Amino acid sequence: MVASRSQSLTVASPHPGYSEQDPGQWIDATFATLDALKADHPRELAAVDGIGLSGQMHGATLLDASFKPLRPCILWNDGRSAAECRVLEQRWPACVRRQATRPCLDSPLPKLVWVARHEPEIFAATKLVLLPKAYLRLILSGEAIEDVSDASGSLWLDVARRDWSDEGLSATGLSRSQMPRLIEGCAPAARLRSEMALRWGMTKRPVIAGGAGDNPAGAIGIGAIRRGAAFVSLGTSGALLAPTNAIAANPQRAVHTFCHAIPAMWIQAGAILSAASSLAWIARLLGGL
């Protein structure tokens, strides 16, 4: 470890149960972070060969034909699409079998059904749907690419085939042309734009790796990369995760199966959408006592 920097983000809740974020915050924070690293460690930043991306999973970032966000990103812990989850189980009965999980509030797929029902003009203008880190990659590289571990949480991915599900896209009124290209997490995905490499004083354009969703990235970081390992992740949400080398779906018991960020590996997970965020809420509530 040479250095680290961070920037704070804010979340908006315009109605009870809503959770949204301005994608521009991610870009501003990334640029501010790298600008600070250049100021303090110019020689080390100049020598960077590669960039790895991880990100909050499940967010729905809707872009127009010019790749501009049409609305704030609907985040993973947004609770507005309960009715749409029930609609999906009727509209796409094979969902549980194909996706190895049930339609649930955190997934982007029911969020897009909600947008189609309640914001039809935005849905009609949507030309590209990206998860949060894929939008950041688009800004950094100019290419729309996502890794399979992050894409697994969307419900648009056939997790066994590690490819987009045409059935899932059709159930949402979308097509493959509106989705990013898929790669494995360890694969080279793109290169940093030349003007950005110049801004940060890099001697060459670093490769941007496929990357991972936050929990698959954490799994690799602590060595949970083979069957027999398991770990607990307690952040804003909470999850118990176990890598596996085969699909072992159990959606009826609320066990999700996602692609790992390692080829030919998957992760089984049980999750709740509120963990440390509950502690933050009670701390705010009782802070004045």
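What follows is a working chat about the predicted model shown above.

Biologist: Before we start, what should I keep in mind about this one?
Modeller: It's a predicted model, where local features need pLDDT of at least 70, side-chain atom pairs count only at pLDDT 80 or more, and totals for chains, interfaces and linings use all residues. Residues are numbered from 1 along each chain as its sequence is written, and side-chain values use heavy atoms, with hydrogens and water left out.

Biologist: Okay, which residues touch the most other members in the largest nonpolar core?
Modeller: Leu112, Trp156, Leu157 and Trp164, out of 28 residues in that core. By nonpolar core I mean buried Ala, Val, Leu, Ile, Met, Phe, Trp, Tyr and Cys residues joined through side-chain atoms within 4.5 Å. Buried is under 20% relative accessible area, exposed is over 50%, and partly exposed is in between (1.4 Å probe, protein chains only).

Biologist: And which elements give two or more residues to it?
Modeller: Helices H5 (108-118), H6 (120-125), H8 (148-152) and H9 (166-171). H5 gives the most, with five residues. Helices (H or I, at least four residues) and strands (E, at least two) are DSSP runs, numbered from the N terminus.

Biologist: What is Trp164 in contact with, leaving aside neighbours within four places in sequence?
Modeller: The list includes Trp156, Leu157, Leu169, Arg176 and Pro180. Contact means heavy atoms within 4.5 Å.

Biologist: Switching to Glu119, where is that?
Modeller: Glu119 sits in the loop between H5 and H6.

Biologist: Buried or exposed?
Modeller: Glu119 counts as buried, because its relative accessibility is 14%. Not counting residues up to four places away in sequence, Glu119 touches Arg71 and Trp114.

Biologist: How about the sheet, what's the strand order?
Modeller: S2-S12-S11, an open sheet of three strands with mixed pairing. The edge strands are S2 (50-51) and S11 (188-191), each pairing on one side only. Two strands pair if DSSP finds at least two bridges between them.

Biologist: How many bridges join S2 to S12?
Modeller: Two, and those strands run parallel, with S12 covering residues 207-209. Ile51 has Ile208 in S12 as its bridge partner.

Biologist: Last one: which residues form the nonpolar patch on the surface?
Modeller: Leu279, Trp281, Ile282, Leu285 and Leu286, with about 510 Å² of accessible area together. Areas come from the Shrake-Rupley method with a 1.4 Å probe, and for residues only the protein chains shown count as cover. Like charges are joined within 9 Å, nonpolar side chains (Val, Leu, Ile, Met, Phe, Trp, Tyr) within 5 Å.

Technical notes:
Patches are made of residues with over 30% relative accessible area and no salt bridge: like charges are joined within 9 Å, nonpolar side chains (Val, Leu, Ile, Met, Phe, Trp, Tyr) within 5 Å. A salt bridge is a side-chain nitrogen of Lys or Arg within 4 Å of a carboxyl oxygen of Asp or Glu.
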